[in-house]
Amino acid sequence: ASPGKKRYNIALLPGDGIGPEVISVAKIVLQKAGSLEGLEFDFQEMPVGGAALDLVGVPMPEQTFTAAKQSDAILLGAIGGYKWDKNEKHLRPEMALFYLRRDLKVFANLRPATVLPQLVDASTLKKEVAEGVDMMIVRELTGGIYFGEPRGIKINENGEEVGISTEIYAAHEVLNLDRIARVAFETARKRRGKLCSVDKANVLDASILWRKRVTALASEYPDVELSHMYVDNAAMQLIRDPKQFDTIVTNNIFGDILSDEASMITGSIGMLPSASLGESGPGLFEPIHGSAPDIAGQDKANPLATILSAAMLLKYGLGEEKAAKRIEDAVVDALNKGFRTGDIYSPGNKLVGCKEMGDEVLKSVESKV
Ligand code: ATP
Ligand code: MG
């Protein structure tokens, strides 16, 4: 260990399909960007998902979980593949992700939707609408209607089947609204200082409390400009004029829907990172795409979503914003030089594979000392 360097433990979980390819590239970029800011990383690489099933017979081995839990941050590739599709439920690779999210208690899911100027044409929206879009959606991940009790299909007094779902959020307690609101205010603060809280407070009581708590906390963040929007209007505004948004905070179900909608504005699944944060303990950082078995092992995967997840790890996981900025700038630089993997390729650019794209980003990181 070199003196004067800040050290962090990073758990690397490559997983399946293209996971190992994108993780190995992102690791090198992360290491370089960190070292230029005086950071040193101890990487612990562990099997997860299908890879772990093949190796030790379970999707989330105890040792992998312990390494993840004891780390400062976790960078995950992707999980799943045809090979394990017929496994019974507890032996499906995807269960690893479920256990990990549950046990790390990551309640805040951050998903950016950014339209980089070089990739405007990939957007599903018209150029003038897509240009300059740069937003972050903060979704509550562990509460709301997906988990509230009572729930299930029951028989009512007329002997009829009824499906019941309940949305519950509490001001404090376990399904704490304040903690998701705080993550959102902090996120907005690290961005352009604008927060839009999305709810359905004209109809839903859980939304009324949501709006009340978010509003109450606003006084602690005088540098953040808070607004509110009903979810139906938000769904429309995302398509009509997405540039108006900086940071959006919303509940589990609305966030599920709006973040998928927003990802299509950017049009490129290979570019989108995500972060899942808990109250304490390590955050989980991963690309939003899956294991892409159709292109696995062919050096075709776009590693930028994972590289940008590493930037989120630095910024939101470790608070190392300078090192994060180095990575973000390097990605833009590599795109400016015309390097494109197949998924974002357009004529006139240079088609490269996963590894070469990684090398180009690495060069760009190194060139700005
Ligand atoms: P999951 O269920 O795990 O989300 P999926 O099968 O629904 O996975 P992906 O694995 O994300 O979806 O793949 C969807 C399509 O996008 C595939 O054709 C895949 O090749 C492509 N794709 C996904 N990620 C990338 C990437 N990083 N680079 C290039 N293409 C990708
Ligand atoms: Mg899928």
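Reader: Is Ala292 buried or exposed?

Author: This is a predicted model, in which local features need pLDDT of at least 70, side-chain atom pairs count only at pLDDT 80 or more, and totals for chains, interfaces and linings use all residues. Residues are numbered from 1 along each chain as its sequence is written, while chains are lettered from A and ligands numbered from 1 in the order in which they are written. A residue is called buried if 20 or more other C-beta atoms, placed from the backbone, lie within 10 Å of its own, exposed if 12 or fewer do, and partly exposed in between. Because Ala292 has 24 other C-beta atoms within 10 Å, the class of Ala292 is buried.

Reader: What is the phi of Ala292, which lies in the loop between strand S12 and H10?

Author: Helices (H or I, at least four residues) and strands (E, at least two) are DSSP runs, numbered from the N terminus. Most residues other than glycine have a negative phi. Ala292, in the loop between strand S12 (283-287) and H10, is a residue other than glycine with a positive value, near 40°.

Reader: Is Asp299 buried, partly exposed or exposed?

Author: Asp299 is placed in the loop between S12 and H10, and has a positive phi of about 55° although it is not a glycine. Since 15 other C-beta atoms lie within 10 Å, Asp299 is partly exposed.

Reader: How are H8 and H9 oriented to each other, parallel or antiparallel?

Author: The axes, which are lines fitted to C-alpha atoms over the stretch in contact, with angles running from 0 to 180 degrees between N-to-C directions, come within 10 Å and cross at roughly 10° for helix H8 (residues 231-240) and helix H9 (residues 252-266). Angles under 35 degrees count as roughly parallel, over 145 as roughly antiparallel, 65 to 115 as roughly perpendicular and the rest as oblique. H8 and H9 are therefore roughly parallel.

Reader: And which orientation does H10 have to H11, parallel or antiparallel?

Author: Helix H10 (residues 304-317) and helix H11 (residues 321-336) have axes that come within 7 Å and cross at roughly 160°. That angle makes H10, relative to H11, roughly antiparallel.

Reader: What is the value of omega where a cis peptide bond joins Glu149 and Pro150?

Author: Most peptide bonds are trans. The bond that joins Glu149 and Pro150 is cis, and Pro150 lies in strand S6. For this bond, omega is about 0°.
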